[in-house]
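User: I'm new to this structure and would like a close look at just one part of it. Could you walk me through it in plain words?

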Amino acid sequence: MSRNRNETLETIGRLRVGAIIRTKDRNVAADAVRAAIAGGFRSVEFTLNTPGALDLIAEFAENRDLLVGAGTVMSAEQTRQAVEAGACYIVAPNCDAEVIAESRRLDVVSVPGTYTPTEMVTAHRLGADMVKLFPAPADIPLYVRQLVGPLPELRIYPTAGVTPDNFLDVLAAGAYGVGFVSSLFRPDDLARKDFGAVERRAADITRRAHRG
């Protein structure tokens with residue numbers, strides 16, 4: 001897939017769903033993401049607090065059929081490192097003007113973490129391509145719907161709290177896409193190294209995401 005910022009942004013919206021891995025075991029991270037890809041995911045994110053995250057980004061970015069992102073990016077320097085490794089989108093739990101600016105300079109998509117309308121509009125005006133909804137509100141679909149009504153220019157991307165049970169409602173409410181973390185990569189599955197369970201869950205999610 002192209003690493004051009006605008007094309008990456010368009011592809012994220014078309015794919016609708018992304019997989020986000022956060023674990024303390026590099027090998028588990030690699031195997032879990034391979035299972036998600038086998039189940040149909042084409043957008044995968046490695047958080048930088050996962051051991052060997054930059055190496056994993058470089059490894060998976062060799063597959064031109066994938067969009068590979070970096071998560072928990074907390075500085076302009078980490079942004080540069082992630083992009084050099086092959087990341088085409090940069091995700092953070094907070095809104096950092098330097099991370100957004102560096103992402104734009106490097107022609108990659110920026111997705112800062114925001115919660116309130118003020119934070120989201122601030123990030124948008126700083127040049128963010130999307131805004132990550134973080135942390136999760138009690139009712140994600142309702143919250144997204146209330147935001148996109150007066151602020152249709154925002155591309156909202158919820159992650160925390162997104163599950164196989166609610167993600168279609170979140171998308172229908174107006175989210176640009178959604179990211180799956182522990183609801184896809186369940187800790188009990190990872191502890192047992194039951195990557196077959198991850199693949200089956202991924203297949204179910206991607207099938208429903210693109211059914212219509």
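Is glutamate 102 buried or exposed? Please tell me about the helix around it too.

Analyst: Happy to. Before the details, a word on what we're looking at. This is a predicted model, where local features need pLDDT of at least 70, side-chain atom pairs count only at pLDDT 80 or more, and totals for chains, interfaces and linings use all residues. Residues are numbered from 1 along each chain as its sequence is written, and side-chain values use heavy atoms, with hydrogens and water left out.

Now to your residue. Glutamate 102 is buried, because its relative accessible area is 9%; buried means under 20%, exposed means over 50%, and partly exposed is in between, using a 1.4 Å probe and protein chains only. The helix it sits in is α5, residues 97–105. Helices here are DSSP runs of H or I with at least four residues, strands are runs of E with at least two, and both are numbered from the N terminus.

In α5, Val99, Ile100 and Ser103 are buried along with Glu102. Looking down the axis of α5, the buried residues fall within an arc of 165 degrees, so they line one face of the helix. That arc is taken from the directions from the helix axis to the C-beta atoms. On the other side of α5 you'll find Glu98 and Arg105, which are exposed. What covers the buried face? The cover includes the helices α4 and α6, plus β4 (89–91) and β5 (109–111), where contact means heavy atoms within 4.5 Å.

After α5 comes aspartate 107, and its phi is positive, near 65 degrees.

Back to glutamate 102, which also has a charged partner. Arginine 80 forms a salt bridge with glutamate 102, and their closest N and O atoms are 3.3 Å apart. A salt bridge here is a side-chain nitrogen of Lys or Arg within 4 Å of a carboxyl oxygen of Asp or Glu. This pair links distant parts of the chain: arginine 80 is in helix α4, glutamate 102 is in α5, and 22 residues separate them. Side chains of opposite charge can pair when their charged atoms come close.

Arginine 80 has another partner, glutamate 77, with the closest N and O atoms 2.8 Å apart. Those two both lie in α4 (residues 76–85), three residues apart, or about one turn of the helix. An α-helix has 3.6 residues a turn, so residues three or four places apart point the same way. Arginine 80 counts as partly exposed because its relative accessibility is 29%, and glutamate 77 is partly exposed too, at 40%.

For context, a search of the whole structure finds 16 salt bridges. One of them joins arginine 5 to aspartate 129, with the closest N and O atoms 2.3 Å apart. That pair also reaches across the chain, from arginine 5 in helix α1 (residues 5–15) to aspartate 129 in the loop between α6 (117–126) and β7 (131–133), 124 residues apart. Both arginine 5 and aspartate 129 are buried.
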